[in-house]
Amino acid sequence: MKQQIFISGIGTGIGKTICSAVLVRLWSADYWKPIQSGDLHHSDSMLVSELTGRDTVIHPERFKLKLAVSPHESAAAENLQITLEDFKLPVTPRSLVVEGAGGLFVPVNEEAFIIDLISKLSIPAALVVRDYLGCINHSLLSIAALRQRDIPLRYLILNGSFNPHSERIICKAIDSSTAILRIPDLKSLSSQELDSVCRDVVEQIT
C-alpha cells in the first residue's frame with residue numbers, strides 16, 4: 001500500500017534521518033528533504049542514499065542552505081525568503097518519506113513553522129522520540145500540537161532504548177489510530193546494519 005509520511009521529531013539530533021532511512025527501505029519508498037540547513041557536504045539526503053542503496057529515488061531539496069541553524073536564519077544569511085508556497089510534494093507512484101528540519105516549531109520563516117509545512121503538504125506525521133531527561137514534556141507537547149492542528153499522527157517512533165517509565169507516559173498520550181514503532185540503535189552507519197534493523201521492525205509495520 002502506498003504511504004506518504006512526514007517525519008518530524010521532538011527535537012534536533014534525535015535520529016529522524018535514520019528512522020527515515022528505515023521506512024524508505026521497508027516501503028521501497030522515495031525520500032525528500034524539503035529544507036537542508038547546514039551539512040551540505042554530507043546532507044541527510046546523502047546519508048539516506050548511502051544507507052538504502054543507489055536504487056532509492058532521492059528527490060532534490062527545495063532549499064539547500066549553508067548555515068547549520070534554523071531555516072529562517074540560514075535563509076536570511078543568504079538573502080532568501082522561504083514561503084510555504086515554495087513547497088509541493090514530489091509526484092511519484094511509490095511511497096514517499098518526507099523529513100523535516102528539527103522539531104515541529106522550527107521556524108521556516110518569521111511566521112511559519114515546520115508544523116505549518118506539514119499542514120500545507122497535507123500528509124500524516126510520524127513523530128520520532130528519543131529517551132533523555134525532558135523527553136516526556138517534549139513528546140506530549142508535540143503530540144498535543146499535532147492534535148490541535150488536526151494533523152494525523154500515523155506513527156510514534158521510539159528511537160533507541162527507553163526507560164519504561166518514560167515510555168509508558170508517552171505512549172498513553174496517543175490514541176488507537178497511532179501505531180508505535182520501536183527502532184533499535186544502529187551499531188554502525190551501514191546498509192548492512194540498516195537491513196538488520198529493518199528485519200527487527202518489519203513485523204511491527206505489517
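The structure is a predicted model, in which local features need pLDDT of at least 70 and side-chain atom pairs count only at pLDDT 80 or more, while totals for chains, interfaces and linings use all residues. Residues are numbered from 1 along each chain as its sequence is written, and side-chain values use heavy atoms, with hydrogens and water left out.

Helices (H or I, at least four residues) and strands (E, at least two) are DSSP runs, numbered from the N terminus. Helix α1 covers residues 16–27. Its twelve residues should span 16 Å at 1.5 Å a residue. The expected span is 1.5 Å times one less than the number of residues. The end C-alpha atoms of α1 are 16 Å apart, which agrees. Helix α1 is mostly covered, with ten of its twelve residues buried. Here buried means under 20% relative accessible area, exposed means over 50%, and partly exposed lies in between (1.4 Å probe, protein chains only). The buried residues of α1 are K16, T17, I18, C19, S20, A21, V22, L23, V24 and W27. Just after this helix, S28 has a positive phi of about 50 degrees.

Strand β6 spans residues 96–103. This strand is also mostly covered: eight of its eight residues are buried. Strand pairing was assigned where DSSP finds at least two bridges between two strands. Strand β1 (residues 4–9) pairs with β6 in the parallel sense, over five bridges. Within this pairing, I7 has E99 of β6 as its bridge partner. Strand β2 (residues 30–32) also runs parallel to β6, and three bridges join the two. Here Y31 is partnered by V97 of β6.

Salt bridges were considered next. A salt bridge is a side-chain nitrogen of Lys or Arg within 4 Å of a carboxyl oxygen of Asp or Glu. The count comes to eight. One of them joins R25 and D195, whose closest N and O atoms are 1.9 Å apart. R25 lies in α1 and D195 in helix α7 (residues 191–205), so this pair ties together parts that are 170 residues apart in sequence. R25 is partly exposed, at 24% relative accessible area. D195 is partly exposed as well, at 29%.

A further salt bridge is formed by R149 and D116, with 2.7 Å between the closest N and O atoms. This pair links distant parts of the chain, 33 residues apart. R149 sits in the loop between α5 (135–148) and β8 (153–159), whereas D116 belongs to helix α4 (residues 114–121). R149 is partly exposed, at 32% relative accessibility. D116 is buried, with a relative accessible area of 18%.

R182 and E167 also meet through their side chains in a salt bridge (2.5 Å, N to O). R182 lies in strand β9 (residues 179–183) and E167 in helix α6 (residues 164–172), so the pair ties together parts 15 residues apart in sequence. R182 is partly exposed, at 39% relative accessibility. E167 is buried, with a relative accessible area of 18%. Elsewhere, salt bridges that share partners join K33, D44 and E99 into one network.

Pockets were located on a 1 Å grid over the protein atoms alone. A pocket is an open set of points where a 1.4 Å probe fits, with protein on both sides within 12 Å along at least five of seven lines; lining residues have an atom within 4 Å of a point. Grid points are joined across faces, edges and corners, and a volume is the space filled by probe spheres set on the points.

The largest pocket has a volume of about 390 Å³. Its lining holds 22 residues, of which T12, K33, S37, D44 and G102 lie nearest the centre. Helix α1, strand β3 (35–37) and strand β6 each supply at least two lining residues. The largest share, four residues, comes from β6. The lining divides into seven nonpolar, ten polar and five charged residues. In this scheme Ala, Val, Leu, Ile, Met, Phe, Trp, Tyr, Cys and Pro count as nonpolar, Asp, Glu, Lys and Arg as charged, and the others, Gly among them, as polar.

The second largest pocket has a volume of about 160 Å³. Residues lining this pocket include I143, L146, R147, D150 and I151. The elements that give two or more residues to this lining are α5 and β8. Helix α5 provides the largest share, three residues. By class, the lining has six nonpolar, two polar and four charged residues.
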